[in-house]
Amino acid sequence: MTLRYLPDAGRLYGPEYARDPQALYAELRGRHGAVAPVEIAPGIEAHLVLGYRAALDVLTNVGGVWSKHPSAWQARLPDTPEAAGAIAMLGRRPSALYSDGAEHARFRKVIADCFQQIQPHKLRQMVIEVSDSLISQFAAKGEADLVAEFTRLIPTRIFNLLFGRPDSDSAGLTQALSDLMEADGERGARGSDAFSRYIGELIQAKHAERGDDLTSWFIDHPAALRTDELAETLVLVTAASYEPMANLISNTISRMVSDDRYYSSLTNGALSTYDALMEALRAEPAMSNYGPYFVLQPVHFHGTWIQPAELVLVSYAAANTEPANVPEELRSDGGAYLGFGAGPHRCPASDPAVLIAMTAIERLTSHLCDLELTVPRDELPWRPGPFHRALAQLPVRFTPIRPDQPGESPWAVQPPSSSTPSAPTSPARSAGYVTSAPWSS
Ligand code: HEM
C-alpha cells in the first residue's frame with residue numbers, strides 16, 4: 001500500500017492519544033482542516049474526517065460517491081499483524097454495517113423491524129432487574145470499579161436476555177467479548193472461538209424452538225436471512241451494542257459524578273441524567289472514530305484528494321467538538337449531534353440505547369446517592385484504541401448500603417436469573433419483555 005502521506009499523519013494509538021484525543025484532533029484541524037491523514041496502527045493509514053459539515057457530507061451520501069464496502073481497501077493491506085487487527089475491526093462481513101443500497105436496506109430492515117417489537121416498558125423493567133442485581137453485588141462494599149462491576153456487564157446481560165437465552169449464559173458471553181475486544185494473541189483467539197460458539201449455539205437453539213425474542217424474530221423475518229447472514233446480524237448487534245453501550249454509560253457517569261451541575265441535580269434539580277447523556281454523546285461519543293467509509297471514484301473532498309481503496313474514518317468525536325460549532329439547520333439529533341451517526345447507517349438502536357443507559361444510571365444513582373470518584377476525572381485511565389472512547393476503570397466510593405436497610409434497595413428487585421429457566425431456550429422469560437412479531441402467527 002502506498003504510504004503517500006505518512007510523514008504528516010496523526011497517530012490514533014499510544015498512551016498520549018488515549019489520554020487526550022481532543023488535543024490531537026485540534027492539532028490536525030489546525031494543520032489540515034476538515035480532513036487529515038492519520039494512522040490507526042503503525043503502517044495502517046486513513047483519512048480522518050474532523051469537520052462536522054464534512055462528516056455529514058460523507059454520512060448522508062452513501063450510495064452516491066461514498067460506500068461502506070471495505071473489500072478494495074482490504075485487498076491492498078500488507079500482511080502484518082497490524083493489518084490483521086484492522087481487518088478484524090473493519091473487514092468485509094455480510095451484514096448491514098458493510099453494505100450499500102438494496103443489500104444494506106434488506107439487512108437494515110430486519111434489524112429495524114425486530115427492534116421495533118421490543119416494548120420500551122418491558123425493556124426498562126429488564127434493565128432495572130439487571131442493574132439492581134449488579135448493584136447488589138457491590139453496594140455493601142462502599143467502593144467499586146464501575147467499569148468492571150457495572151457498565152461493561154450491562155450490555156451482555158441485556159442482549160443475552162433479548163436474544164432469548166437464560167441469564168446464566170451472559171457470563172460466558174461477557175468473557176468472550178472482553179477477550180475478543182480487549183486482547184490480542186491467544187486470549188483474543190480464545191474470545192473469538194467462544195463468541196462464535198455462543199452465536200452457533202444460539203442459532204441452533206432458536207432453530208429448534210422459537211421464542212418471543214430477537215433471534216427468533218430475525219429467523220422468521222420475511223427477508224429470509226441465510227444462516228450465515230443471520231449469524232453476522234447477531235454478531236453485529238452484539239458487537240454494536242457491547243462497546244458503545246458500556247462506554248456511553250461509563251462516560252456519562254464519570255461526567256455526572258465529577259460535575260456539580262449534574263450530580264447535585266439528584267437533589268437540587270439542575271441538569272438531568274438525560275442532559276448528561278446528551279453531553280457525553282456530543283463531547284465524548286462512545287465510538288469516537290468508528291465511521292469507516294470508502295469512495296467509489298477519486299474525489300476531491302474538502303481540500304483532500306481521496307482515492308478508491310483508501311480508508312476514510314468519520315470522527316464523530318472531532319466533528320462534534322468542532323470549535324466553529326454546528327449550524328442549527330444541520331441539526332436534527334436532539335442534542336446528540338453525531339453521537340449516533342447520521343444518514344442511512346445511523347444507529348438503528350439509538351432509542352433503546354438511550355433507554356438502557358438512562359435506566360441503568362438512574363438505578364445506580366438512586367441507590368448510591370453520594371457516589372464520588374476516588375481520583376479526579378482527568379486522571380481516569382482510558383483504554384487505548386483508535387475507534388472508541390472507553391474508560392479502563394471508573395473507581396468510585398459511596399456510603400455502603402445493606403440488604404436489611406429500610407426502604408427500597410437493589411436487593412428488593414428479583415434478579416433476572418431467578419425467573420429464567422435454565423433450559424436452552426427461555427420463551428417464558430423473554431415473553432415478559434417482548435411481544436410477538438406481526439409476521440409470526
Ligand atoms: C442498544 C445498543 C445498540 C445496538 C443494538 C446498536 C446497533 C447498531 C447497528 C446494527 C448499527 C449499523 C447500522 C447500519 O449500518 O445500518 C449501528 C450503527 C451505529 N451505532 Fe449503534 N447500536 C447500539 C448502541 C449504540 C450506542 C450506545 C452508540 C453511541 C453512543 C452507537 C453509535 C452508533 C453509530 C455512530 C453508528 C453508525 C456507524 C457508521 O456510520 O457506520 N450505537 N448501531
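**Figure 1. Ala309 lies in the loop between strand 8 (304-306) and strand 9 (312-314).** Helices (H or I, at least four residues) and strands (E, at least two) are DSSP runs, numbered from the N terminus. This is a predicted model, in which local features need pLDDT of at least 70, side-chain atom pairs count only at pLDDT 80 or more, and totals for chains, interfaces and linings use all residues. Residues are numbered from 1 along each chain as its sequence is written, and side-chain values use heavy atoms, with hydrogens and water left out. Phi of Ala309 is positive, near 75°, in a residue other than glycine. Most residues other than glycine have a negative phi. Ala309 is buried, with a relative accessible area of 9%. Buried means under 20% relative accessible area, exposed over 50%, and partly exposed in between (1.4 Å probe, protein chains only).

**Figure 2. His302 sits in the loop between strand 7 and strand 8.** His302 is not a glycine, yet its phi is positive, about 45°. The residue is partly exposed, with a relative accessible area of 36%.

**Figure 3. Helix 3 (residues 52-59) is mostly covered.** Six of its eight residues are buried. They are Tyr52, Ala54, Ala55, Leu56, Val58 and Leu59. These buried residues pack against several strands, among them strand 3 (44-49), strand 4 (66-67) and strand 6 (292-295). Helix 17 (316-320) is another partner.

**Figure 4. The largest nonpolar core has 79 residues.** A nonpolar core is a set of buried Ala, Val, Leu, Ile, Met, Phe, Trp, Tyr and Cys residues joined through side-chain atoms within 4.5 Å. Phe150, Ile158 and Leu214 have the most contacts inside this core. Helix 13 (residues 227-256) gives the most to the core, with twelve residues. Ile158 touches Leu123, Met126, Val127, Val130 and Ile356, not counting residues up to four places away in sequence. Contact means heavy atoms within 4.5 Å. A second, separate core of 27 residues includes Leu48, Trp73, Ala83 and Ala318.

**Figure 5. Helix 9 (residues 154-162) crosses helix 13 at roughly 140°.** Their axes come within 8 Å. Axes are lines fitted to C-alpha atoms, for helices over the stretch in contact, and angles run from 0 to 180 degrees between N-to-C directions. The angle makes helix 9 oblique to helix 13. Angles under 35 degrees count as roughly parallel, over 145 as roughly antiparallel, 65 to 115 as roughly perpendicular and the rest as oblique. Ile154, Pro155, Thr156 and Phe159 in helix 9 meet residues of helix 13 including Val237, Tyr242 and Ile249. Ala, Val, Leu, Ile, Met, Phe, Trp, Tyr, Cys and Pro count as nonpolar, Asp, Glu, Lys and Arg as charged, and the others, Gly among them, as polar.

**Figure 6. Ser170 belongs to helix 10 (residues 170-182).** Ser170 is buried, with a relative accessible area of 5%. Leaving aside neighbours within four places in sequence, Ser170 is in contact with Thr156, Arg157 and Asn160.

**Figure 7. Helix 10 packs against helix 11 (residues 185-208) at about 140°.** The axes lie 7 Å apart. This angle makes helix 10 oblique to helix 11. By class, the contact has seven nonpolar, four polar and three charged residues.
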